[in-house]
Amino acid sequence: MSKSRSRARVTSDDVRRIALALPDTVEKIAWSMPTFRVAGKMFVTVPDDETSIAVRCPKVERDELVLAEPDKFWVAAHEASSAWVRVRLTALDKEELTDILADSWRQAAPPRLLEEHPELGVPPLE
């Protein structure tokens, strides 16, 4: 039984557009995939199949997210010891994607950028 959803489908193009709208963000290919960085620190990656993203997330929060919403969040085996979580794009709407990317950006951004952008640089939703 499938639920009818009024949310627009989120794609890797949305990830790119929103990430690059955050202050001082650049895109760089690493491990043959797009990564997005602020002040040289990575805050989101888009794996090859482009159905998910990996974002920064404190381990305590990550574990809670995965337990609360396992259809949305999971931890890749090679990221188990790091503070990253995977997010399925099909489980998100653009507003939640924007919030997740801004939160990950905030964790990677240097203090001067956080001070310059108290609103976290969140781009307006279209």
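1. A salt bridge is taken here as a side-chain nitrogen of Lys or Arg lying within 4 Å of a carboxyl oxygen of Asp or Glu, and by this rule the count comes to eleven salt bridges. As background, side chains of opposite charge can pair when their charged atoms come close.

2. The structure is a predicted model, in which local features need pLDDT of at least 70 and side-chain atom pairs count only at pLDDT 80 or more, while totals for chains, interfaces and linings use all residues. Residues are numbered from 1 along each chain as its sequence is written, and side-chain values use heavy atoms, with hydrogens and water left out.

3. One of the salt bridges joins the side chains of aspartate 14 and arginine 17, with an N to O distance of 3.8 Å. Both residues belong to helix α1 (residues 12–21), and because they are three residues apart there, about one helical turn separates them; helices are DSSP runs of H or I with at least four residues, strands are runs of E with at least two, and both are numbered from the N terminus.

4. How buried or exposed are the two partners? Aspartate 14 is buried, at a relative accessible area of 9%, whereas arginine 17 is partly exposed, at 29%. In these terms, buried means under 20% relative accessible area, exposed means over 50%, and partly exposed covers what lies in between, as computed with a 1.4 Å probe on protein chains only.

5. The surroundings of aspartate 14 also deserve a look. When residues up to four places away in sequence are not counted, aspartate 14 touches Arg9, Lys94 and Leu97, where contact means heavy atoms within 4.5 Å.

6. A second salt bridge to examine is formed by the side chains of arginine 16 and glutamate 27, at 2.8 Å from N to O. This pair links distant parts of the chain, since arginine 16 sits in helix α1 and glutamate 27 in strand β1 (residues 25–30), eleven residues apart. Arginine 16 is partly exposed, with a relative accessible area of 28%, and glutamate 27 is likewise partly exposed, with 32%. The two residues also take part, together with Asp13, in a network of salt bridges.

7. Elsewhere, glutamate 116 and arginine 112 meet through their side chains in a salt bridge of 3.9 Å, N to O. Which helix holds this pair? Both lie in helix α4 (residues 111–116), four residues apart, so that about one helical turn separates them. Arginine 112 counts as partly exposed, at 45% relative accessibility.
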